[in-house]
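Please keep the sequence and the model in view while working through the numbered points.

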Amino acid sequence: MKSTLIIVALLLMLGGCKSTGGPTLYQQLDGKAGIERLIDSFINQIARDEKIIHYFEDANITHFRDGFINHLCALTDGPCEYIGDDMVAIHTGMNINETDFNHVVELLINAMNELNINHTVQNKVLAKMAPLRAEIIEI
Ligand code: HEM
């Protein structure tokens, strides 16, 4: 738990770094099919989590799934254009605190572990997401 938080904090600082050459992160995640598997596992994690599920009480899960898949595809340099609302617009009013944000990141890590995604790739995914936290926490 503690080490996860330290890793997330470090990744926050690394968030601006770009990789050069080689397969895209999208390809390393096994493309669209891999991202779909990951988000399905992530949604299962959220559904089982008593601390987080209440945020999703009024959410349309199919819409959330499609939006998150598309967003992650674009974020990992895949062939997608995210056309949903921006992160601030979506999360405004949810009052997500830092603890819950970190917990959701842990659920995503659980999902990546469940799918045996290697830790180098996991860290790259987290590094892409870390800069978004300011657009999501306590807004
Ligand atoms: C870096 C972390 C996060 C990212 C990248 C992210 C991204 C997204 C995306 C792409 C969507 C769907 C957009 C669409 O409608 O097309 C979404 C929806 C949502 N997110 Fe997040 N999110 C993050 C963290 C969180 C956290 C920590 C929570 C709650 C604790 C949360 C709660 C929600 C909820 C409830 C919705 C559904 C809103 C609705 O449809 O009514 N998100 N998020």
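This is a predicted model: local features need pLDDT of at least 70, side-chain atom pairs count only at pLDDT 80 or more; totals for chains, interfaces and linings use all residues.

1. Helices here are DSSP runs of H or I with at least four residues, strands are runs of E with at least two, and both are numbered from the N terminus. The phi angle of Asp77 is near 65°, which is a positive value in a residue other than glycine. Asp77 counts as partly exposed because it has 15 C-beta neighbours inside 10 Å. For this term, a residue is buried if 20 or more other C-beta atoms lie within 10 Å of its own, exposed if 12 or fewer, and partly exposed in between, with C-beta atoms placed from the backbone.

2. Residues are numbered from 1 along each chain as its sequence is written.

3. As a whole, the protein chain has seven helices and zero strands. Of its 139 residues, 17% count as buried. Among contacts with a separation of 6 or more, 79% join residues 24 or more positions apart; two residues are in contact if their C-beta atoms, placed from the backbone, lie within 7 Å.

4. Asn95 also has a positive phi, near 50°, and is a residue other than glycine. Its place is in the loop between H5 and helix H6 (98-114). Asn95 is exposed, because 11 other C-beta atoms lie within 10 Å.

5. How do helix H3 (residues 31-47) and H4 cross? Their axes come within 10 Å and cross at roughly 135°; axes are lines fitted to C-alpha atoms, for helices over the stretch in contact, and angles run from 0 to 180 degrees between N-to-C directions. H3 and H4 are therefore oblique to each other, since angles under 35 degrees count as roughly parallel, over 145 as roughly antiparallel, 65 to 115 as roughly perpendicular and the rest as oblique.

6. The residues that meet in this pair are Lys32, Ile35, Glu36, Ile39 and Ile43 in H3, and Ile61, Arg65, Phe68, Ile69, Leu72 and Cys73 in H4. By class, the contact of H3 with H4 has eight nonpolar, no polar and three charged residues. Ala, Val, Leu, Ile, Met, Phe, Trp, Tyr, Cys and Pro count as nonpolar, Asp, Glu, Lys and Arg as charged, and the others, Gly among them, as polar.

7. The ligand is surrounded by 22 residues, of which the closest are Ala59, Gly67, His71, Gly84 and Val104; a residue is near a molecule if its C-beta atom, placed from the backbone, lies within 6 Å of it. H4 supplies the largest share of this shell, five residues. The shell has 14 nonpolar, six polar and two charged residues.

8. Two further loop residues deserve attention. Cys80, in the loop between H4 and H5, is partly exposed, with 17 other C-beta atoms within 10 Å. Not counting residues up to four places away in sequence, Cys80 touches Asn70, Cys73 and Ala74. Ile53, in the loop between H3 and H4, is exposed, with 11 other C-beta atoms within 10 Å. With the same exclusion of residues up to four places away in sequence, Ile53 touches Ile46 and Ala47.
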